[in-house]
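The entries follow in the order I made them.

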Amino acid sequence: MSPTIRRFGAVSTLALATALGTPAAAQTPQDNSVFTMLGRIILGAGRARVAIDTPQAVTALETDDIEREQASTLGDLLRAVPGAEAFGGSAMTGQFLNIRGVGTSTSSDENRIIVTIDGVQKYYEQYRVGSHFGEPELYRRVEVLRGPGSSLLYGAGAIGGVVAFETRDASDFLTDESNTALRLRAGGNSNGEGYLGSAILAHRFNERVEMLAAVTTRSEGDADAGDGSLITGSNMQSRSVLVSGTIRLSDESEQRLRFSASRWTTSGEQVPYSAYGNFSIFGNIDRDVTDDSAQITWENPASDNPWVDARVQLSWTQSRVVQENATNYPGYPFAPPSGLWQDSEYAYEGLALDARNTFTMMGDTWENYLTIGGTVAQRDRVAVVGGTGYASQPGGTSDTWGLYLQNEFILNDRLTILGALRYDHTRLEATSGADASLLNQPVTHGGTAASLAMHYDINDAWSVFGSLADTTRLPTIDEVFDSADPTATNPLGLRPEHARTIELGFSWQGRDVFMAGDGLDLKLTAFNNQFRDMITRTGGGVPFTNIGRARIRGVELEASYQSERWFGRVAASMIDGVDQTTGRVLASTPSHQILLELGHRLPAQNLEFGWRGTFAGGMETASGDTVPGYGVHDLFVTWRPDQGALRGVEVQLAVNNVFDRYYYNALDVGGYGYAFSNPRSGRDVRLTLGRTFNF
């Protein structure tokens, strides 16, 4: 481990041990009414459990966190999650995700980071376009599971982890006294002169059926950087709709159906061809993006039957991009008739069925929860360029099936042992764009994943945990059949990617630490991720190849504090990534970062306000550029009056980048260098007003 990370771990451990060794901090937790951020329930790692008690690193963002963020893009929501961030561009169509140093804009990350919306797995890949789309206003909860140890229920190969979004539900707005609720929100921001409008209608038809419908519209102009320069391509206009509902099948049964369907669209005339970075050489294009998700889930918790806790989900997803009228691409070497500038249509469409059941067994001193399940999925990749295929964007099909089991054993409410196994099989077939010798020639891969995690409560305050995961990531259509370089080695020789991950950590919970009734929770995690046959692009950009070995390791610290009047948060990560074949830093390596947040409440006035600082260290990136460190300060205010004419109104005010700092993110620079990167946004004042009517 690097000296920097060793120093960080040693200093963190010493500081925590010193602070927590004081008499006030050493008290055992007794007041369970205090819930910090680490005390939130985690649903995505199997059996529901509190975040601080999971043997892996997990973070849950609730509705209040999401709304206070006033985010324009999905990536903005991850700013307070250690080891996770978005990069690539300010507009939704140019964003990629990075978790623990996994995730780049220059290689396929379809399996390395799994993103779901209500359980529907989402991913999109296209040259010069980002991977993930959506409207933050439609989400009520986000869970981020970092590392592969928590992700085997989702699929083999999720080396970076899982980001699970949940859309809004009618029960979020309905009360015992009202069967109908209407929630209206409007907002705007100064940098880019953006605006947001949304309306949500929830209705309970009877005790068994409730539904929700939501519509939003959003517009963002090109933002300014801290030095006043324009960040071209950061503008965005989008619209979205959501319909969701819950149906309980009978008054006597716990069985229920949950469903949701959403659509997000954006349309731009003569927007930059490259949706991320600063690549003016590609010129402009008309681009329409439509992203759809739909799912229906049957659940039967059968609380009176320990052998049944079943869930079956059928899901469908489609992400489609239509491009026309390319213009103004001076100086680029591949001028027309290159397919890049021809009218084109790209899409990913998937259909999946997932079924699982949990068996519960209990004794006097132990509990055991065994979950078994399986997944069958088909994904079509469409690329129609000038009426035909395109070599660097081969169209094709991916048929996948997988089987998995996860067992959780708890002894004396102190020791938890969590083990999981998974096997996945894929059949890939290119139908267009690929070299003629590769068309309609099925390629199959199979791979296993396994993890073992343990968590032990030393006492009511201190816990230790650790995990070992061995993961196989299977190649994707793009990686296997990319035929843009006819001189390349036969891509059918591409091998699956393997990763072995070790995590160790400890957590501490304190109550009545600084004052009566408060709570302070901390969790420190160290990890080492060793890759073999890592799949990446060659120096020329295409095609994909295996590199011998790579390593990503780091330390994450997460802490949260709550009292009646004060709240705070710390989210820190230090991550090093290196290509052990060349000795160079991996392009996916983020800078060392720490987020500090401190807030205060005035309960009588229903007012809370606070400060947040994000600090990043300088580093030398894979491009050879040195990115200096920076510090960005934000302020926020939330007011929910409960008396007078404004009763029921909610006011969110934020000032981001208060001091108008001019800075670059290392992940933006790492792949291409400063010449093709944009700085981040300067000062931005955001105001959102909301009101819920119940009747």
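Which residues lie nearest the centre of the second largest cavity? I found Gln 70, Ala 71, Leu 196, Arg 218 and Thr 688 there, among a lining of 20 residues.

I noted that this is a predicted model, where local features need pLDDT of at least 70, side-chain atom pairs count only at pLDDT 80 or more, and totals for chains, interfaces and linings use all residues. Residues are numbered from 1 along each chain as its sequence is written, and side-chain values use heavy atoms, with hydrogens and water left out.

I took a cavity as a set of points, on a 1 Å grid over the protein atoms alone, where a 1.4 Å probe fits but cannot get out; lining residues have an atom within 4 Å of a point. I counted eleven cavities of 30 Å³ or more.

Second largest cavity: I read a volume of about 160 Å³ (the space filled by probe spheres set on the points, which are joined across faces, edges and corners). Strand S10 (180-189) gives the largest share of its lining, four residues. Helix H2 (63-69) and strand S36 (684-694) are among the elements that each supply at least two (helices, H or I, have at least four residues and strands, E, at least two, as DSSP runs numbered from the N terminus).

Largest cavity: I read about 190 Å³. Its lining has 17 residues, with Ala 91, Thr 93, Asn 235, Thr 266 and Val 271 nearest the centre. Strand S16 gives the most, six residues, and strands S15 (236-248) and S17 (284-300) each supply at least two.

Terms used
1 Å grid on protein atoms, 1.4 Å probe; cavity = no way out; pocket = protein on both sides within 12 Å on 5 of 7 lines; lining within 4 Å.
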